[in-house]
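Let us walk through a protein structure step by step. Keep the sequence and the 3D view side by side as you read.

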Amino acid sequence: MRFLLLLFLIFHLHHRRSAAARPNRMPEYRALLSIKAAITDDPQSALASWNATTNHCTWRGVTCDPYRRHVTAIDISELSLTGILSPDVGHLRFLVNFSAAGNSLSGPVPPQISDIPNIRYLNLSNNAFNLSFPTQLYRLKNLQVLDLYNNNMTGDFPSQAYLLTSLRHLHLGGNFFSGEIPPEFGSFPNLEYLAVSGNELTGAIPPEIGNITQLKELYIGYYNTFSGGIPKEIGNLSNLVRFDAANCGLTGEIPAEIGKLQNLDTLFLQVNGLSGGLTPELGNLKSLKSLDLSNNMLSGEIPPSFTQLKNITLLNLFRNKFTGSIPDFIGELPELQVLQLWENNFTGSIPQSLGTNGKLQEVDVSSNKLTGNLPPNLCNGNHLHTLITLGNFLFGPIPESLGQCDSLSRVRMGENYLNGSIPRGLLRLPKLTQVELQDNLLSGAFPETDGLSTTLGQISLSNNHLTGPLPPSIGNFAGVQKLLLDGNKFSGRIPAEIGKLQQLSKLDFSHNEFSGPIAPEISRCKLLTFVDLSRNHLSGEIPAEITGMRILNYLNLSRNNLVGSIPSTISAMQSLTSVDFSYNNFSGLVPGSGQFSYFNYTSFLGNPNLCGPYLGPCKEGIANGAEKPHEKSTFTPSMKLLLVIGLLVCSIVFAVSRLLKRDR
């Protein structure tokens, strides 16, 4: 009997201890209401249905099991919610999927989530969660997806995440975790997606990463600063589809073992310190679509094996030290859409077949040492939107086909030796926003246009051999902000239609042969801040309307044949800080007040009939910029002499009388 009583007491004590150890279970609807109560702002009233008057299984974003007994999923993502995530979420013991991504939730990630034993999907990305990673989450042995991307979490990198052996997707990127990737991360048995990019990680990339044989996507770049290079064991990841290790301090050479990744379609290694040549094994990546090796210290030539990259759509090799020619097969890659090779030391010509695949969208080969002609079929298929070749030694004409390239948006081909005329139709392309053809040998006239252009914002034709008058259709470029025609041989009058360019902020017509008066219509361009009409043959006076340009900052009219006075009303143009009126035929007084007090005397040199501050006294009869006619005096010379003598005698008498008073 005593033995039975002892057993009863032991059982009773154990039951009480177990009950005390277990937290009080909250009904699921109360846990949901607690989650809602922790939300401080719900601008869309997305959780309005969360109230005790209805069954919680009918609330927005809540999913229950078929028997409506337990909550199995919550999706409150992308609802613009502000607040914290209530720790009472841990009372939802049967929860499998939980997503609160894309809100403005802050505070810590509740450790109580670890009380949900069967949760498989946890997505808290794109919020403002802070503090450190709760180590209690390592107990979630059934968790398959953990996404904490783009929060404000700090502290040590979750180095024991490898304990979550069911994980298939782990995203810890976009936080402020510090520390190193531990070698144990190579022990994930099922992981397919690993992202630690955008943190503050250091140390070497562990070669054990190559043991995660199920891995399909690996993101380790951006703001991390790893030491050393890419471990050759990366080549063991035979299922890898995407590898992004951009901007994370990598050095050394690209390992040849990467060429074993037959499923790889994206390889991003840009903005690192990689050196050496392009390993020929990269040509074995038959599935590769995007290759970005830009902003490194790579050298040598493009290997012949790259001809096998038949699926490549993006090839970025810019800002390296590559030499040699651009291989002809580059122009024959059937899927190529984007080719960026700028700031290297490439020589030879651009492959003449470039563009024949009909899929080309962007080409930038600027700042090399390329020669030869531009390829004739760059815009086959009408997909080309960006063409940049500036800073080379290209010669020959601009292909006429570019004048029919309706997809074209940006053209930058300055600083070459291109000759011939500007293709007909180029400046009236419907999507064109920028044309830079400066510093070439182009000739012919400024192209006529028919119809309004509202998209073209910049026209730069400086320093060519263009001739003839500007057509009245110049006024059709209603959206142009910069019109740079300096250093040519344009002639005739500046057309009045220039006044239609209401978006114009910079106008440079200097170093041409324009003649006639300054078009007063220029003053209608109220957004102008820079006007340079120097070194032409302009004549007449400065139009009075020019003083109405209230935000004009720079005005250069030097070395023309302008006459008359400089309008005194310029003194009220408070934004005008730099002027040059030198070497004209201006006359009259230069005011010394207002804005004129800021101008240097060199702004008025070469105008012998100007006078005023910095320039010496005005001649007799000159005032306010005009010479007054001489009026005949009413006093004869003898009368003037008597008046002077009388004033002198009065002065002497006054002085003597003062002395006599002082003696008394």
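Predicted model: local features only at pLDDT ≥ 70, side-chain atom pairs only at ≥ 80, totals over all residues.

A disulfide is a covalent bond between the sulfur atoms of two cysteines. How many disulfides does the structure hold? There are three. Count the bonded cysteines along the chain, and the pattern reads 1-2, 3-4, 5-6.

Take the pair Cys 57 and Cys 64. Their sulfur atoms lie 2.1 Å apart, and a disulfide joins them. Which hand does this link have? The torsion about the S-S bond of Cys 57 and Cys 64 is about -90°, so the disulfide is left-handed. Both Cys 57 and Cys 64 are buried.

Move along to Cys 379 and Cys 405. This disulfide has an S to S distance of 1.9 Å. Here the torsion about the S-S bond is about 70°, so the link between Cys 379 and Cys 405 is right-handed. The pair ties together distant parts of the chain, 26 residues apart. Cys 379 sits in the loop between strand 24 (362–364) and strand 25 (386–388). Cys 405 sits in the loop between strand 26 (395–397) and strand 27 (410–412). Cys 379 is buried, and Cys 405 is buried too.

Now find Cys 611 and Cys 618. A disulfide joins them, with 2.0 Å from S to S. The link of Cys 611 and Cys 618 is right-handed, with 90° about the S-S bond. Are these two cysteines buried or partly exposed? Buried means under 20% relative accessible area. Cys 611 has 3% relative accessibility, so Cys 611 counts as buried. Cys 618 has a relative accessible area of 29%, so Cys 618 is partly exposed.

Cys 248 counts as buried because its relative accessibility is 0%. Cys 525 counts as buried as well, because its relative accessibility is 1%.

Strand 16 pairs with strand 18 (residues 273–276) in the parallel sense, over two bridges.

Notes. Residues numbered from 1 in each chain as written. Heavy atoms only, no water. Disulfide = S-S within 2.5 Å. Buried < 20%, exposed > 50% of the residue type's maximum accessible area, 1.4 Å probe, protein only. Helix = DSSP H or I, 4+ residues; strand = E, 2+ residues; numbered from the N terminus. Pairing = 2+ DSSP bridges.
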